[in-house]
Structures are given as C-alpha cells and as structure tokens.
Amino acid sequence: MERPARSYTLTNPLTDGRALPVHNPGSGAVLGEMPVATEDEARAAVRTAQDARTAMAATPSHERARLLAKVADGIEARAEELARDLAAENGKPIRQTREEIAAAVRIFRGFAGEATRIFGRQIPLDAVPGLENHLAVTVREPIGVVAAIVPFNYPVELWAHKAAAALAAGNAVIVKPPEKCPLTLMEIGRIVEAAGFPEAAHQIVPGGPELARFLASADGVQMISLTGSTAAGKALAELAAGTLKRTHLELGGNDALIVCADADVERAAEAVVLGRLARGNGQICCAVKRVYVEDGVYDAFAEALEAQAGKLVVGDQLDEATDVGPLITEPAAVAVDQAIRAAVNDGARVVVGGPRDGAFVPPTVLVDVAPHAEAVAEEIFGPVAPLLRVTDAMEAVRLANESAYGLQAAIFTRDIGRAFSVARRLQVGGVVINGSTALRAENLPFGGVKLTGGAREGLHDTLLDMTEQKTIIVMDGLA
C-alpha cells in the first residue's frame, strides 16, 4: 500500500498485513487497527528525523510557539470527539478522558510560552585570576531527536509532556504510542501534522516493545523519554548506554498516604477514593497504593473509606454516571484479582469489593493488611486500597521508605510542623499535604527517586533536559 508523500504518521495497515486490532476493553468491540512498523520503516523514521532536527533547530522560537499553540487549538476544537475515542479504547470514564484532553491542551500552550524562554547565562570569569578581561556565556541548543515511549494509562497527557517539550526546544520527536490504545494519539498526530511543523518533525511510529528497543539503541536518537515500568526502564537504559544517549525515565511507583490521628478522616478517605479507586481505574503511577493509618483513627477511617467507596458506580466508561470503568485488558484485571486473593490469603479482609467481571474490577478496600505483604511490597495496578495500622507517623515513614520506589507520598494532619517534618523524611520526589498522591500539575516538576527513575517532567524541567548547554568564551571581550 503506497503511503502519501507527506505522511509522517503511520496510520495505514502495512503491506505484509501486520496490523493489530484495538478493542474496547469493556465490550470487546473492535475499534480499529494499529499497524506495526517494520524495521525498515523504523529506520526510515530515524533517518528522516535527521533532516527534521536541522529544520527544527533553525525554526525561530516565536514560530515554534505559534505552531505549538496551533496544535493546542486543534486538539481543543475536537476535544469531545477525542475524549470519547480515548474512553472507548482506554477504559477510563468519559469525564476523566475529558480532563486528560484538556490537560494536553494546557501542556501545549504552556510549552508554547516556554519555547520563547530558553535562557542561557553570563558567567563572571573575573572569579578566576587571569581571566578578568574575558566574557563567558552559555546558550541552550536542541538535543536533536527525542524518542518518546508513551504508556497506556494516560496516553494523550503523557504524550503531550514529551512531544510538546521536544518541539518547544527545537527537536524532532519520534513517538511510539501504546499498543493497547494507540488510536486517539494517531488521530492527534494528524492535528500536529496539519499545524505546519517541518517535515517529519513529529512522527508517530506504531509498534511494540521491539520498536522501543530499536529506538533506544539507534544512533540517530539522542534521547529516550519513557513513562513505564521499572523493568522497561532498566532494559531501555541498558540499550541507550551503547550510544550514550540521554535517558529520561519516569517509572514505577508505590505511593504511600499517611493518616495521622489528628487528620480530617472524611477528607483523607476522599483522597484515597479520588486518588486511587475512582481515578484512571486505579491505573496511575502516582495513585495511592498504600495507606498507613495511626491506630487511634484506623477504625473510623476504614468506616469512612468503606462508605465512600461503596457509592462508586462501576460500568460503561462512556456513561456519564460511571466512576470506574474497565481496566485496559482482561489479563490486567485478572492480575489485580489475583493480587487481591493473595492479600486475603496473607490475612487481609475485603470490606468493599466483589468478584471480577471480565476487565472490570470493582473498587476494593483491604483492611488488616500486614506491613510486608505482597499487596504493599509491589504496586497493584488497579482500584485497590490496602490499609495498614501504625502506631505513629514515624513508623509509617519507616515503612514507606522501605519501598524500592519513590514517586510521591501524602500525609494528612492538622499539625503543619509534623507535616513538614514527615515530608522531609520521606524518600520520594514529591509530597502532598492533606491531599492525594495522584496530583500532577504541568507546571510542577514530577518524578521520583530510587527505582522510580530520577527524572523530572514539567514545563520548565523537561525543556532543560531536552536541550544541550554550550559555553561560548569571548577572549578579551571585557578588555
């Protein structure tokens, strides 16, 4: 099948028939097909990106800003259609996919502004004896070609964080969409193409893990940006080391929420509901994964959470009343169901929840969870909230820090001194006081420590990471 001359979004089935069906995770209906790029197509994408990086680097920042704003306008004009498409293929309730599309629009507009604010520095050389008459400045230049590996849980929003940043900095970007829900991103690719960026500046190349591995090892890619599992991050970092390309990794999380004895119990329970059970169907890296509750309010908190969780509506993700839709696939739901069963075998009790139904897992609250049970040692990627009893906040901090992950954490207390004391001791990238861990604003640095990866994404931070710093010295420039 012949492709259009100016198509840099591979949206047609390949001539060898390698196309994967994309299903609605709730109904199982086939929504479309994802073509799988051949190795030759992947190499061609990297090759054409070389000319694109040159063209992007020569594009003035005000023009990059205009193009980014045009993409934002294009997405916003089709927001409802895109939100419905995303809900259908991803499983998140329609109200939440609307929020995701709106976030992508804000991110593109934010990076449109940042594109005109890529600042260098003037460094005083008179700090070094003998260099008093010389002038030194730094400038920031595009890194080159960025490969963006996008996950299934928030594909449009996380694509925006990577692609908008790369384009704002003057780079070319190659996007690998998630194979389980690529269709909305591939449609948005047409919006980016129509905006008028240089040829091949933004390419969407569909494929599976083998494509990610290829991009991580390709000579013509200068940076790999991944949001995904820790296992995937380790594998890609190993491959990236072969060409010493920069890696930007936002990986797994096992976020803890601590409820102190003086906390607003109802508000803390709401944070678990909104930050775990009824947000992204529990499939969020920064969702509340472990809840440590001081003994004095444990029973009251458990009752409050049980009451609130019991009101959540599970059903068709396109229904406006739905709070929790299907997980991304039935095997994903099976894995969550098995984790719940394992927790019960370890002594936990289910106070809210029920049997799995296909890809649907009802919101589940586990009480009497042991401190080192598998349910808290590794994240459960679904709508499950394990509750653990602790004597005080410092015990909760100790248990929280035992995790190999360190994305975000939260603490509920009315004592601001205690809140800051706990926040300083938690080994994580971000702490939310009196709110859910599932908080991400595009103008804040977002990322973690330990096996979470160490990178930070945000309007300013990502832009710096996707540029190189060059020092220019003018001899006798101040003579």
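Student: Which share of the contacts in the protein with a separation of 6 or more comes from residues 24 or more positions apart?
Tutor: The share is 72%. A contact here needs heavy atoms within 4.5 Å. Keep in mind that this is a predicted model.

Student: What makes the radius of gyration agree with a compact globule?
Tutor: For 479 residues, a compact globule would have a radius of gyration near 23 Å, and the protein has 24 Å, so the two agree. Along its principal axes, the C-alpha trace spans about 70 × 65 × 40 Å.

Student: How much of the protein is buried?
Tutor: Buried residues make up 54% of the 479 residues. To be counted as buried, a residue must have under 20% relative accessible area. The protein exposes about 19000 Å², and carbon and sulfur atoms supply 53% of that area.

Student: How many helices and strands does the protein have?
Tutor: The secondary structure comes to 15 helices and 19 strands.

Student: Why is the contact between Arg-109 and Asp-73 called a salt bridge?
Tutor: The cut-off is a side-chain nitrogen of Lys or Arg within 4 Å of a carboxyl oxygen of Asp or Glu. The closest N and O atoms of Arg-109 and Asp-73 are 2.8 Å apart, so the pair qualifies. This pair links distant parts of the chain: Arg-109 lies in helix 4 (residues 94–114) and Asp-73 in helix 2 (residues 61–77), 36 residues apart.

Student: What N to O distance belongs to the salt bridge of Glu-330 and Arg-356?
Tutor: The distance is 3.2 Å, and the limit for a salt bridge is 4 Å. The pair links distant parts of the chain, 26 residues apart: Glu-330 is in helix 11 (residues 330–345), while Arg-356 is in the loop between strand 12 (349–352) and strand 13 (364–367). Glu-330 is partly exposed at 42% relative accessible area, and Arg-356 counts as partly exposed at 30%.

Student: Where do Asp-337 and Arg-341 lie?
Tutor: Both are in helix 11, 4 residues apart, about one turn of the helix. Asp-337 and Arg-341 form a salt bridge whose closest N and O atoms are 2.9 Å apart.

Student: Why is Asp-337 called buried, and why is Arg-341 called exposed?
Tutor: Asp-337 has a relative accessible area of 14%, which is under 20%, so Asp-337 is buried. Arg-341 has 54% relative accessibility, which is over 50%, so Arg-341 counts as exposed. Elsewhere, salt bridges that share partners join Arg-78, Glu-81, Glu-187 and Arg-190 into one network.

Student: How many salt bridges does a search of the whole structure find?
Tutor: The search finds 27 salt bridges.

Student: What is the strand order of the open sheet of 3 strands?
Tutor: The order is 3-4-19, with antiparallel pairing. Strand 3 (121–123) and strand 19 (467–474) are the edge strands, and each pairs on one side only.

Student: What makes strand 3 and strand 4 a pair?
Tutor: They are joined by 3 bridges and at least two are needed, so they count as paired. Strand 4 (residues 135–142) runs antiparallel to strand 3, and Arg-121 stands opposite Thr-138 in strand 4.

Methods. Residues numbered from 1 in each chain as written. Predicted model: local features only at pLDDT ≥ 70, side-chain atom pairs only at ≥ 80, totals over all residues. Heavy atoms only, no water. Buried < 20%, exposed > 50% of the residue type's maximum accessible area, 1.4 Å probe, protein only. Rg over C-alpha atoms; globule rule 2.2 N^0.38 Å. Areas by Shrake-Rupley, 256 points an atom, 1.4 Å probe, with all protein chains shown as cover.
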